[in-house]
Amino acid sequence: MSTTAPVFSLEADSISKSFESGAVSIQVLRRFSVSVRPAELTLVAGPSGCGKSTLLSILSGLQAADEGRVRALGQELSGENSRTLERFRLKHTGFVFQGFNLFSALTALEQVELPLGYMGLSRADIRQRARQALDEVGIGHRGSMRPAQLSGGEKQRVAIARALAKRPQLLFADEPTSALDAVSGQTVIDLLRRIAVDHGTTVLCVSHDPRLIQRADRVLAMEDGVINRDWRPGDTGSRPGMHSDDHTGALPFQGDRR
Ligand SMILES: Nc1ncnc2c1ncn2[C@@H]1O[C@H](COP(=O)(O)OP(=O)(O)O)[C@@H](O)[C@H]1O
Ligand SMILES: [Mg+2]
């Protein structure tokens with residue numbers, strides 16, 4: 001990364017978001033702040049319905065917050081029009097979802113090539129990048145297979161390769177292991193972490209699966225729209241919630257923080 005790169009690659013500053021459902025309004029996020037660093041896997045963990053997917057979609061520019069500011073790669077996303085946000089996502093982001101989102105008629109190689117076609121790359125470049133990405137996630141030998149011929153873990157690796165081939169600075173994963181058995185789930189989360197470390201990518205993963213916690217560089221525990229713990233599982237000697245340089249603007253959790 002260049003020396004002018006921002007310390008935080010994703011920043012939400014006091015964002016709020018609510019949804020109207022008939023006569024009731026549900027406030028999902030209330031003056032919520034968080035900062036995420038590049039070159040590591042940040043996991044937002046919390047129970048279903050606590051607002052993880054909403055947060056991910058706001059931080060990636062898929063959805064707008066009602067209030068507050070969002071910066072990604074130092075660029076202000078809040079207030080931008082949908083075309084600008086679309087261009088930002090095309091250029092800088094990759095997404096991985098629980099349900100893989102693969103096209104049943106396409107081979108693994110074609111799935112990975114598809115988004116590269118929108119990036120203005122040459123045919124040869126597209127092919128080379130797609131092959132390289134499939135190799136990197138360990139399924140280069142499955143390039144001619146269609147989804148029906150692949151296991152769940154392999155399908156998710158195709159989806160990761162599709163995101164990776166864009167060489168995005170930001171990689172967002174929403175419940176990427178939820179449809180997978182334990183072993184495939186671990187392969188997937190370890191792969192996401194390796195991408196962060198090897199490429200300097202900011203990887204933000206949201207999940208309700210507590211088994212992922214030990215494999216993340218940093219964990220933000222979310223409940224009812226608030227982050228109440230922020231810690232690095234790999235740090236020895238530091239208790240959860242005692243990490244000194246966090247930057248979440250979070251509320252203290254059960255007196256766990258000085
Ligand atoms: N588009 C929407 N319209 C209405 N309610 C929504 C919408 N998106 C999310 N919600 C509600 O917001 C809350 C948080 O949802 P979500 O962000 O999907 O949580 P999580 O990903 O942690 O399960 C839930 O109560 C959900 O029903
Ligand atoms: Mg969700």
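A residue counts as buried if 20 or more other C-beta atoms lie within 10 Å of its own. By this criterion strand β6, residues 93-97, is mostly covered, with four of its five residues buried. The structure described here is a predicted model. Its protein chain has six helices and 10 strands, and buried residues make up 41% of the 258 residues. Of the contacts in the protein chain between residues at least 6 apart in sequence, 68% join residues at least 24 apart.

**Strand β6 and its partner**

- Strand β6 is joined to strand β7, residues 170-174, by five bridges, and the two strands run parallel.
- Within this pairing, F97 has D174 of β7 as its bridge partner.

**The open antiparallel sheet**

- An open sheet is formed by four strands in the order β2-β1-β4-β5, with antiparallel pairing.
- Strand β4, residues 67-72, pairs with β5 over two bridges in the antiparallel sense.
- R71 has E76 in β5 as its bridge partner.

**Surroundings of ligand 1**

- The shell around ligand 1 consists of F19, S21, I26, V28, G46, S48, G49, C50, G51, K52, S53 and T54.
- Two or more residues of this shell come from each of the elements β1 (10-21), β2 (24-36) and α1.
- Helix α1 gives the most to the shell, with three residues.
- By residue class, the shell around ligand 1 divides into four nonpolar, seven polar and one charged.

**Helix α1**

- Helix α1, residues 52-59, is mostly covered, since six of its eight residues are buried.
- These buried residues are K52, T54, L55, L56, I58 and L59; K52 and T54 also belong to the shell around ligand 1.
- Just after α1, G61 adopts a positive phi of about 80°.

**Helix α4**

- Helix α4, residues 123-136, has 14 residues and reaches 20 Å from its first C-alpha to its last, close to the 20 Å expected at 1.5 Å a residue.
- The residues R129, A130, A133 and L134 of α4 are buried.
- They cover an arc of only 130° around the axis, and therefore lie on the same side of α4.
- On the other side of α4, A124 and D125 are exposed.
- The packing partners of the buried residues of α4 are α3 (108-116) and α5 (152-164).
- Just after α4, G138 takes a positive phi of about 85°.

**G140, between α4 and α5**

- G140 is located in the loop between α4 and α5.
- With 15 other C-beta atoms within 10 Å, G140 is partly exposed.
- G140 and A161 are 21 residues apart in sequence, and their C-alpha atoms are 9.9 Å apart in space.

- R167 has a phi near 50°, a positive value in a residue other than glycine.
- This residue, R167, lies in the loop between α5 and β7.
- R167 counts as partly exposed because it has 16 C-beta neighbours inside 10 Å.
- E175 likewise has a positive phi, near 50°, and is a residue other than glycine.
- The position of E175 is in the loop between β7 and α6 (182-199).
- E175 counts as buried because it has 21 C-beta neighbours inside 10 Å.

Conventions:
Residues numbered from 1 in each chain as written. Chains lettered and ligands numbered in written order. Predicted model: local features only at pLDDT ≥ 70, side-chain atom pairs only at ≥ 80, totals over all residues. Expected span 1.5 Å × (residues − 1). Buried ≥ 20, exposed ≤ 12 C-beta atoms within 10 Å, placed from the backbone. Arc of directions from axis to C-beta. Contact = placed C-beta atoms within 7 Å. Near = placed C-beta within 6 Å. Nonpolar A, V, L, I, M, F, W, Y, C, P; charged D, E, K, R; others polar. Pairing = 2+ DSSP bridges.
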